[in-house]
Amino acid sequence: MLFSKMFIPTMKEVPKEAEVVSHKLMLRAGYIRRLASGIYTWLPMGLKSLRKVEQIIREEMNKKSAQEILMPVVQPKELWVESKRWEKYGKELLRFVDRNDRELCLAPTHEEVVTDLVRREVKSYKELPLNLYQIQTKFRDEIRPRFGVMRGREFSMKDAYSFDMDEAGAERSYMDMYDAYVNIFKRCGLRFKPVEADTGQIGGSFSHEFMVLADTGEDTIISCDTCGYAANLEKAEAGFVGREKRVRNGNYMRVETPGQRKVEEVASFLQVMPDKLLKTMIYRTDKGVIGVLVKGDREINETKLVNLLSLDYLELADAYTIEEVTGGPLGFSGPIGLKIPLYADSDVQSMEDFVIGGNEEDVHVVDVNVDDFKVEGFYALKVVKDGDLCPKCKGTLLSTRGIEVGHIFKLGLKYSEAMNATFLDKDGKERHMVMGCYGIGVGRTVAAAIEQGYDENGIVLPIAIAPFEVNVLPVNNSHAESMELADNVYKALMNKNIDVVMDDRDERPGVKFKDCDLIGIPLRVTIGERNLKEGYVELKVRNEKESQKIKKEDIIGRVVSYVEESKSV
């Protein structure tokens with residue numbers, strides 16, 4: 001393709017609305033344009049990258065015997081009522097009514113639709129296992145869309161759904177998709193890490209997120225420096241060093257702590273470390289008011305709490321509720337004497353002679369031990385941080401930043417039971433199908449690749465997903481020999497199935513070089529009059545500082561070799 005014929009509206013200035021690197025560069029490089037909040041048009045350069053990611057996904061999914069379908073973006077309310085998600089999904093589900101007063105929604109995901117399809121068509125164990133996937137537009141009415149296509153309302157997603165006879169088959173399907181995802185992101189040229197994750201709105205028993213490693217990532221990844229354990233912050237657990245239990249109680253004393261509410265204030269006033277304090281956090285839930293206990297220097301992981309208690313609703317109690325439940329004001333809550341269920345983090349078991357709130361203004365209690373109050377149990381409820389013990393091998397946990405680009409789930413019977421998706425087994429007995437689901441944010445993968453690969457000049461994309469692999473760039477359009485060679489190189493590379501563009505614009509060399517770097521084309525073949533006199537052209541790799549002088553008759557072979565080597569996994 002010729003550069004002069006292409007629609008590439010690049011920008012010199014950074015747009016004011018852009019917040020993160022990928023958003024800024026995708027706008028500047030002419031990849032996308034904003035239509036409305038969280039809704040973007042993909043322009044030719046961006047769409048070429050998007051399509052390359054899609055092709056890699058298709059090839060790897062097909063290798064695992066998954067079959068592509070295309071489901072509607074508009075879905076009827078009735079299916080969501082069956083799965084019990086019509087109300088539970090929340091305001092991100094964009095609901096509307098058609099002219100016949102039928103209630104519908106725009107698809108944020110397709111578990112209900114695919115389960116309905118399969119329950120209608122699949123009747124026998126002979127038709128299983130089955131894995132169906134699509135690459136399609138989704139819509140989630142995000143309350144605060146941000147970061148360009150990274151967290152938009154409308155987005156492109158690959159979602160797949162597996163159906164198996166039993167748990168063993170479902171495990172094989174899950175691992176097939178795990179392997180496929182590893183291959184997909186390797187082929188995309190990304191540095192990534194699979195991590196254990198919470199199942200969230202999708203539900204199910206187990207899941208992995210695939211995180212692209214980037215300092216600008218919005219997600220925190222916790223991993224062990226010794227073994228292969230890795231999880232996102234919501235799911236991550238820390239190891240626990242237990243102590244021999246000693247029965248100690250009744251030695252506590254109430255002390256005056258006038259005006260001291262916060263952990264740091266109380267610790268300083270009593271001249272103890274923050275980890276010698278026990279925080280009592282009061283929550284309102286759909287199952288009533290509860291208290292959660294955690295060391296003073298740690299925070300509560302509310303996702304773990306919701307999962308532990310199977311809650312639909314959780315929020316910190318207001319000052320009125322706290323006073324009603326504890327008898328004291330906000331900032332002075334403690335577990336002794338409370339009549340509500342108490343849940344403690346595992347670390348609390350090892351605390352001795354610690355400090356709690358006195359359930360009275362300006363009062364705390366010192367020299368408290370775990371036998372001085374009753375808890376429902378000790379659970380992994382704290383937010384994990386750098387330096388914690390690994391739960392698998394007792395190594396050290398470290399945090400890095402990442403961007404979620406893929407998520408795979410073991411759904412089990414969640415949807416097949418709710419929607420009665422059954423089959424007849426070998427004995428003629430009706431059984432529910434065991435399901436899994438597997439998603440990849442296609443546009444998000446392009447944006448994540450940019451967050452991982454950029455410099456002061458623009459985008460540095462892996463060659464497998466760059467808009468073009470090679471840019472043939474004649475320096476001087478008025479020099480006939482340069483233009484003739486550029487045209488010959490351009491056509492020869494096309495004949496070798498290289499994705500090549502020729503910058504035939506009558507522009508200054510500096511403008512051409514800047515646009516090539518901004519757009520993120522991995523290879524540049526520069527044909528200049530001076531080098532040509534000596535029989536050479538320049539080959540410049542986007543992420544290398546220096547260019548190479550290559551004999552003009554060797555340039556085709558060098559480019560082809562570089563492209564093939566770069567794309568091999």
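In which order do the three strands of the open sheet stand, and is their pairing parallel or antiparallel? The order is E13-E19-E18, and the pairing is antiparallel. Strand E13 (253–256) and strand E18 (354–357) are the edge strands, each having a single partner strand, so one side of each is left without a neighbour in the sheet. Averaged over this sheet and with direction ignored, neighbouring strands are turned by 35° against each other, where the axes are lines fitted to C-alpha atoms and angles run from 0 to 180 degrees between N-to-C directions.

This is a predicted model, in which local features need pLDDT of at least 70 and side-chain atom pairs count only at pLDDT 80 or more, while totals for chains, interfaces and linings use all residues. Residues are numbered from 1 along each chain as its sequence is written, and side-chain values use heavy atoms, with hydrogens and water left out.

Strands here are DSSP runs of at least two residues and helices are runs of at least four, numbered from the N terminus; two strands pair if DSSP finds at least two bridges between them. Strand E19 (residues 363–368) is joined to E13 by four bridges and pairs with E18 over three bridges, again in the antiparallel sense. Within these pairings, Met-253 stands opposite Val-366, and Phe-354 stands opposite Val-368. Five of the six residues of E19 are buried, that is, under 20% relative accessible area, with exposed meaning over 50% and partly exposed in between (1.4 Å probe, protein chains only). The hairpin of E18 and E19 has five residues between the strands, and there Asn-359 takes a positive phi near 55°.

Elsewhere, Arg-85 is found in the loop between helix H3 (77–82) and strand E5 (95–97). Because its relative accessible area is 3%, Arg-85 counts as buried. Its side chain makes a polar contact of 2.7 Å with the side chain of Glu-112 and another of 3.1 Å with that of Tyr-415; such a contact is a pair of N or O atoms within 3.5 Å, where, within protein, one must be able to donate a hydrogen and the other to accept it, and residues adjacent in sequence count only if both atoms are side-chain atoms.
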